[in-house]
Amino acid sequence: MTDHDWGTLSNQAVAAAAVVYFLALLAHLVEWSALVGAGRAAKASADRAAAAAPTTPEPAAEPVGASVGGVERAAGAPSALAGSLTSAAGRAAAPAAAGDGADDADDAARHERVALFGRLGYLLTVIAVACHLVALVGRGMAADPNRVPWGNMYEFTLSGTFVVAAIYIALFRKFKLSWMSPLVVAFVLAVLMVGVIVLYEPVAPLTEALNSYWLVIHVISAILATGAFTLGGITSVVYLIKSRSTKETGWIGRVPSLETLDRVSYRIHAFGFPVWTFAVLITGPIWAHQAWSSYWNWDPKEVWAFITWVVYAGYLHARATAGWRGRRAAILALVGMATLWFNFIGINYFSTTSQHSYAAPATSTLDRVEALR
Amino acid sequence: MTTTAPAERSGRAPRPPQEPQRPVSELKPRELLRWCWRQLTSMRTALVLLLLLALAAVPGSLIPQKNVDSLKTSNWQQAHTTLTPIYQKLDLFDVYGAPWFAAIYILLMLSLIGCIVPRLFVYWRGLRAQPPATPQRLTRLPDSTSYLTSESAEEVLARARTVLRKRRYRLRKQSSPDSVASERGYLREAGNLVFHLSVIIVLVGFAMGSLFGYKGGVIVNVGSQYGFTNQMTQYDDFDPGSLFSASRLDDFNFTIDKFDISWLHSGPRAGMARGFQSHLTYQQGNGPKKTYDLRVNHPLTIGGTEIFLIGHGYAPVITVRDGHGKIAYSGPTVFLPQDNSFVSFGVVKAPYAKPEGIGLNAMFYPYEVTVHGDPVNLTGDIGSGKDAGKHAVLSFQAWKGDLNPTAGPQSVYQLDTSKATKVTAPGGKAFNLHLGQTVKLPGGIGSVTFNGIERWNKLQISKEPGKRIALGGVCLALLGLLGSLFIRPRRVWVRARDTEDGTLVEVAALDRSGGGDTAAVVEGLVASLRGQSLEDRS
C-alpha cells in the first residue's frame, strides 16, 4: 500500500468508526429509553393503588427506539405500549384490570430489552474502537517516514478519543460501567466529529522539533491522562446529576450509588494524576529542554498544563485531608476537566505566543519571524 | 494525599472552647503569631493557596509576557494604551516574577514545611510504634464479620498470624491472648512525605536555574571564517539570572563549518525544510578541537553550557557602493524568514555613504519563478551545485539621505526612514537583482550588488544549573505520589473466643485512607482462614 492509500484508508476508517459509534449510541439510547419506561411502569403500578381516574388510553405513536423491543412483546396487552416515552402517560391511566401479572411479564421483557441493547451497544462500541484503531494506524503509516499518529491537533483528537473509548472498554466489566455508555459514546462521537470537521489536516511529515522519541513518550502519557481525566469527569457529572435527583428509577436508578460513583471517580483520577505528572512535569520539561533550550518556558500550554496539575492535586488533596467528598470533589474534578480541555483546544485561540503552535490551526507568518527573533 | 490529620494540624484539631470566645484585642503578640502560624499551616489554607496558585497563573497565559516574548509584549502595549499602565502596576506583563505571585508560592512553601516537619516526627514515632490493640467490640466496626468454627481458638489465631504475616502485615507483639492485631501500609505516609519534600527540592532546583543561570541568543553565519566566542558582547540577546555574573560564562568557542538541509519537494508541505544539521567545530578553553553535528532536539553540551539549534535562514551578500564608487557596505546580511518557504526580510544600512546615506528595505526570494506573469516563490531551497541561487531574487526599496544613525540604539532589522527620501526604479517599482547583478541607483548616489548567498544559524546558548536537581526532585515526587496514592494503610484484627456453640471468630478491618475496599479485605481473610480449615478437615 502506498502512503496515499493508507491516508485514504485512515479517512474511511474514521468515517466507519463514526457511523458505528452512532449506531452504538442509538442502541444505548434505546436501552435508556427502555429504562425510562421501566421506571414509569413501576411508578404507575404504585399510583394505581392510590388513585383511580381511568381515562381512555391514548393511542401511542411509538418512537423508533422503543418500537423495536415493543414488537416482541405480547400484542394487544396495554403494556405493549410501555417503554416508549410518549405512551407513558397512557400507561399511567391504564385500567387497573391490566393487573400486576401483566406488569411482571412486562418488566421481564423490558429487562431483557435493556440487557439486549446494552450488549448490542457495547459490541458496536468495540467494533467502532477497532475501526478507530485502523484509522490511527493508517494515519501513522500514511506519513513518510512512518510515525506516531499524533503530530497535529486532528491526530491528537483522533488519538485522544480513541484512548477514552479504549479505557472505557477496558474498564467496562471491572467497574460495571454500563450506566455511562451513552455519555462516553456521545462524547467520543462529538469530539471525533469536531476533529474531522474543524481540525482536519492532510498527512504531512513532522516539523523538526517534533521529530523526537519524546513525541511518543510525552504525548502517549498526555493522551492517556487526558482520557482518564475525561472519564473521571464524566463520572463526576453523573454524580452531580444523581445527587440532585430523588428518583430511584429510570437510568438514574441504574447508575450506581453515590458512594460508588465517588469512589470510581476517585480511582480514575488517582490513575490519571501520576500519568499527567509524568507527562507534563517530567517528559514535557525534558523534551522542552532538548528542543527549546529551557525546560520550563512559561509557555501558555505549559502554564495551563500546570494549572490542570494544580487543580487535580487540589482535588486529591481535598479528598484526602479536608474530607471533600461527593459534591465538592466532583465540582473540583469538573474544574480540572475544564482546564484540561481548555488547554487542549481553547488556549490556541487566546494566545499566539505558544511554542506548541504546531498544534494550532493556523499561525501567522509574523509569529514565525518572532520565533527567530 | 494525606492519610491522617494528626493533632498538630489545627485544621482539624479541636481547639480549646474558650479560645474563639476571647476578644481579639486580648490576643498577645505571641498568641497572635501562633494563631497565624496555625492558620497558615492548616489544610484548608494549603488547599486555598494551591488553588490560588492555579488562578494566579492564568493571566500570564493570556497577556503577553515580557520574559517570554518581549517584542509581542511591546507591540501589545502600544496597541492598548489605556490598559497598559494599569497592567504595569499589577505586574501583569511579568506575572511569574511578580511579588504577588511570589507571595503565593512562598506562603505555600511555608505552609508545606509547617505541615511536613511535624508530620515527619509523627511518622517516625508511628514507624516504631506497635499496631494498635484490638478494640473491645470488633463487630461494631463498619467492615467486620464473624463466624463459628469447630477449631480451637489457638488454631484459628495461629493461622491468622501466618496468613497476615504472609500478606506482609506487621503484628502487635503484646496482643491480648484471644486476638491478633496487625497493620500494614506504613509506606503510604512515607510516600506522602517524600512527595511533599520533593516539591521543595524541585523549587530549589528551579530557583538555582533562574538565579545563577542565563539564556542568550545569537545568530552565527555559516562558514569557518565566522564563529562565536563565549563572551557577553557576542550575544544578540542575553537574559541572565539575578545572581549571574560574567565570570560564570564557560570559556569556549566554535565555528559552524557546514550546514546541511533537506527540503520537501512534494506533499502538502512542499517547499518547507524537513531536517537540518550544523557541523560544528568547537574548542573548550585551550583544549583540543572537536566536532559535533548539531540538530534540533540534540543540543551540544560544553562544560555546563548547552548550545541549541533553533533556527536558520539566508544571509545574502550585498555590496553597496556610494556616489564616489567607494564601498559603503559589504558583507553577508542576515535576513529573517517570513514564512515556511523562506521568503525573508532584511535591512542594509550605509548611513555614511557619500554624498548621501543609503538604506535598503529588502526581500529575499530563494526560488522565484513566474507563473502567469506573477512572480511566485516556489520553495525555500536555493538549489545546490553550480545552479545554486540561479532562481534567487533580491528585491529592495532604497532610501537616501539622513538615516538617523545618531538617534540612539536601533534594531538592525529596522530602517529609520523618517528623514530619508525614497528612491525607486523606473516606473516607481522596487529594484530586483539576480545573483551577480548590480544596479545603479538613480541620481548617481551609488550602486547595489547582489554578490552571493550565505546561511546563518540561530543558536540558543544557555546554562541552567540545578536542572538535574529539579528533574531528580520531580521523579522522586512521582515515586512518592505513587506510594501515597496506591499503598493502602490497613489495620486488621482477628479475635477468637470459645463459646457454647464452638469457637466464635470475629474479623474486622479498617482503612484509614478511606476509599479502600476493606470489605473485600475482610472477605479475603475469612476465606483463607476458613478455606484452609476446610482443607484440613477433608
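Helix 7 of chain A and helix 9 of chain A pack against each other at an angle of about 155°. Angles over 145 degrees count as roughly antiparallel, and therefore these two helices of chain A, helix 7 and helix 9, are roughly antiparallel to each other. The model is predicted. Helix 9 of chain A also supplies at least two residues of the side of chain A that touches chain B.

**Helix packing in chain A**
- Helix 7 of chain A covers residues 214–244, and its axis lies 8 Å from that of helix 9 of chain A.
- The crossing of helix 7 and helix 9 of chain A is left-handed.
- The contact between helix 7 and helix 9 of chain A has 21 nonpolar, 11 polar and 2 charged residues.

**Contact between chain A and chain B**
- In this contact, 47 residues of chain A meet 55 residues of chain B.
- On the chain A side, at least two residues each come from helix 9 (258–292), helix 10 (300–322), helix 11 (326–350) and helix 12 (365–371).
- Helix 10 of chain A gives the largest share of that side, 15 residues.
- By class, the side of chain A that touches chain B has 29 nonpolar, 13 polar and 5 charged residues.

**Domains of chain B**
- Chain B is divided into domain 1 (18–127), domain 2 (131–185 + 488–537), domain 3 (209–312 + 460–474) and domain 4 (313–455).
- Domain 2 of chain B and domain 3 of chain B have their C-alpha centres 64 Å apart.

Conventions:
Residues numbered from 1 in each chain as written. Chains lettered and ligands numbered in written order. Predicted model: local features only at pLDDT ≥ 70, side-chain atom pairs only at ≥ 80, totals over all residues. Contact = placed C-beta atoms within 7 Å. Helix = DSSP H or I, 4+ residues; strand = E, 2+ residues; numbered from the N terminus. Nonpolar A, V, L, I, M, F, W, Y, C, P; charged D, E, K, R; others polar. Domains from an automatic or database assignment. Axes fitted to C-alpha atoms, helices over the stretch in contact; angles between N-to-C directions. Parallel < 35°, antiparallel > 145°, perpendicular 65-115°, else oblique. Left-handed = near helix turned anticlockwise from the far one by under 90°.
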